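Reader: I'd like to learn how to read a structure like this one. Could you walk me through it?

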Amino acid sequence: MSRINKIKGFFDLFPPESTSYMFMEDKAREIFLKYSYQELRTPILEQTELFARSIGQETDVVQKEMYTFPDRKGRSLTMRPEATAGVIRAFIDSPASSSGGVSRFFTLGPMFRYERPQKGRARQFHQVNAEMLGEDSPYADAEIISMLWAYLQALGLQEMTLEINSLGCPLCRPGFDTELKHFLAGNDPEVFCEDCRRRSDSNPLRVLDCKASGCRDMVAGAPRIVDNLCQGCKEHFDKVLEILNSFNIPFKLNPFLVRGLDYYQRTTFEVISDDIGSQSAVAGGGRYDGLVKDLGGPEIPGIGFACGMERLALLLRGIREKPLDFYLAVLHQDAMHKAMQLVQRLRGKGYHGEMGFKIRSVKSHLRQANKKKVKTCLLLGLDEMQKNQVQVKDMSTGVQRAVSQDDVEQALGLVFQPRNNNF
RNA sequence: GUGAGUGUAGCUCAGUCGGCAGAGCACCAGGUUGUGGCCCUGGGGGUCGUGGGUUCAAGUCCCAUCACUCACCCCA
């Protein structure tokens with residue numbers, strides 16, 4: 001029979017890579033729970049309009065990157081291309097949205113975008129997300145950024161840059177857009193790339209983020225949002241930076257940092273690494289104070305970030321599964337049942353291990369055990385069965401001794417303690 | 001959506017001017033009557049991505065096609 005290919009841009013995660021993902025997920029839960037963020041799991045499939053309305057009709061994500069299709073009754077559904085919209089929708093549906101106070105959520109899981117795969121970019125990819133709803137204080141911005149930073153530190157990642165900017169709010173942004181349009185219109189259209197010629201009128205802010213060399217040179221002299229913020233936005237931004245400074249979180253102001261999702265306003269940020277190919281953004285986020293209302297909820301402010309696990313995985317080093325505690329080698333069919341009983345008992349005591357189901361030579365079993373890098377090899381054959389014993393061999397020292405079958409866990413305990421996590 | 005590159009053993013790859021399909025690693029067995037790693041000997045493994053063409057002869061040249069990779073774009 002012919003084989004069936006997996007879908008382009010979709011990947012199977014085998015060990016040791018899957019171990020890195022367990023590690024990233026465990027650390028996310030460990031850190032985020034300390035900050036009082038609770039795990040929220042939302043559906044992968046949502047009504048298409050949810051994303052069209054929140055992310056923005058004009059964005060690349062909505063225009064050409066979504067997995068959108070009709071269900072059996074003809075309703076348009078979309079596989080989530082990002083997490084925030086679904087979290088907000090769920091939040092609006094929940095009692096939390098009308099009971100006041102601050103809600104903190106994190107989510108883990110797959111996202112889907114129809115793009116050409118390359119290093120650090122897949123069609124199904126995984127994100128760690130966090131969102132805080134109901135608080136517009138600059139301290140909220142600082143909290144969530146510092147939590148992201150703490151998470152990256154906890155993963156042991158170095159050499160990353162936090163870039164930050166403010167996009168203004170509905171009070172100051174329109175004025176700035178107008179000023180920016182005037183500036184762009186004053187330049188020779190020839191210096192723009194094709195995209196920016198179009199954008200310079202429809203979405204001038206995006207031109208600031210263009211990587212084309214012509215646009216870049218031209219933009220260097222453009223007016224900056226940070227110089228044109230209204231009083232409220234300026235105070236907010238200054239306060240965020242002040243708090244980050246006081247907590248020794250290093251950041252770089254990037255006046256050209258513009259996120260690709262339309263719902264951001266005020267604080268936006270990205271974490272960049274030079275070490276993961278051309279897709280350099282490891283994490284990104286920002287404030288979205290108008291979004292809950294735009295999605296039919298009350299006027300509640302919010303801020304959040306997304307962190308790309310595929311990109312983190314490229315940076316993780318030395319995450320390896322711990323070796324198994326034991327491997328039990330069965331040397332005769334008559335010892336098989338007893339062997340399984342022993343193995344089950346050891347697992348009940350917290351030891352991790354397996355048994356070989358094939359009757360093979362001691363040499364062959366030990367080669368297996370050695371290859372699996374287990375700490376100890378237990379041998380059970382006819383001799384041991386007659387004496388009610390098991391041979392316990394420490395694989396690092398080669399020391400071996402016979403112990404009573406009743407005392408195996410005690411014997412293992414003399415060599416090492418049962419482990420309590422997977423890394 | 002655009003561009004470039006790569007497809008040969010489980011993995012990494014070599015294969016000259018078109019002339020018998022190769023290496024290293026991995027795997028299995030033996031070197032010890034029931035003892036791993038190092039070493040030695042032997043062994044199993046191939047639709048040379050697929051289809052067509054040129055030729056006495058194609059892994060090698062030509063065409064098509066599929067897959068993968070990287071980059072643009074965009075983003076995490």
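**Around the RNA**

Reader: Let's begin with RNA strand B: how many residues surround RNA strand B, and which are the closest?

Author: There are 57 residues around RNA strand B, and the closest are Gly260, Gly308, Leu366, Asp383 and Gly398. A residue is near a strand if its C-beta atom, placed from the backbone, lies within 6 Å of it. Please keep in mind that this is a predicted model: local features need pLDDT of at least 70, side-chain atom pairs count only at pLDDT 80 or more, and totals for chains, interfaces and linings use all residues. Residues are numbered from 1 along each chain as its sequence is written, while chains are lettered from A and ligands numbered from 1 in the order in which they are written.

Reader: Which element gives the most to the surface near RNA strand B?

Author: α14 does, with seven residues. Helices (H or I, at least four residues) and strands (E, at least two) are DSSP runs, numbered from the N terminus. Other elements that give two or more residues include α3 (60–64), β6 (124–133), β10 (281–287) and α15 (382–387). By class, the surface near RNA strand B has 18 nonpolar, 19 polar and 20 charged residues. Here Ala, Val, Leu, Ile, Met, Phe, Trp, Tyr, Cys and Pro count as nonpolar, Asp, Glu, Lys and Arg as charged, and the others, Gly among them, as polar.

**The sheet**

Reader: How do I read a sheet, and in what order do the five strands of the open sheet come?

Author: Strands of a sheet pair through backbone hydrogen bonds, either parallel or antiparallel. Two strands pair if DSSP finds at least two bridges between them. In this structure the order is β13-β12-β14-β15-β16, with mixed pairing. β13 (353–355) and β16 (400–404) are the edge strands, each pairing on one side only. From one strand to the next, the twist averages 25 degrees. Axes are lines fitted to C-alpha atoms, for helices over the stretch in contact, and angles run from 0 to 180 degrees between N-to-C directions.

Reader: What joins β15 to β16?

Author: Five bridges do, and the two strands run antiparallel. To find your place, look for Val390, which stands opposite Val403 in β16.

Reader: Which helix packs on the sheet?

Author: Helix α13 (residues 336–348) touches β12, β13, β14 and β15, and its direction makes about 170 degrees with that of β12. Contact requires the C-beta atoms of two residues, placed from the backbone, to lie within 7 Å.

**Helix pairs**

Reader: At what angle do α5 and α10 pack?

Author: Two packed helices are described by the angle between their axes and the distance between the axes. For α5 (residues 138–154) and α10 (residues 231–246), the angle is about 40 degrees and the axes are 8 Å apart. That makes α5 oblique to α10; angles under 35 degrees count as roughly parallel, over 145 as roughly antiparallel, 65 to 115 as roughly perpendicular and the rest as oblique. Residues that meet here include Tyr139 and Ile145 in α5 and Val240 and Leu244 in α10.

Reader: And at what angle does α1 pack with α5?

Author: α1 (residues 17–34) and α5 pack at about 140 degrees, with their axes 10 Å apart. This makes α1 oblique to α5. Lys27, Ala28, Ile31 and Phe32 of α1 make the contact with Met147, Ala150, Tyr151 and Ala154 of α5. That contact has seven nonpolar residues, no polar ones and one charged.
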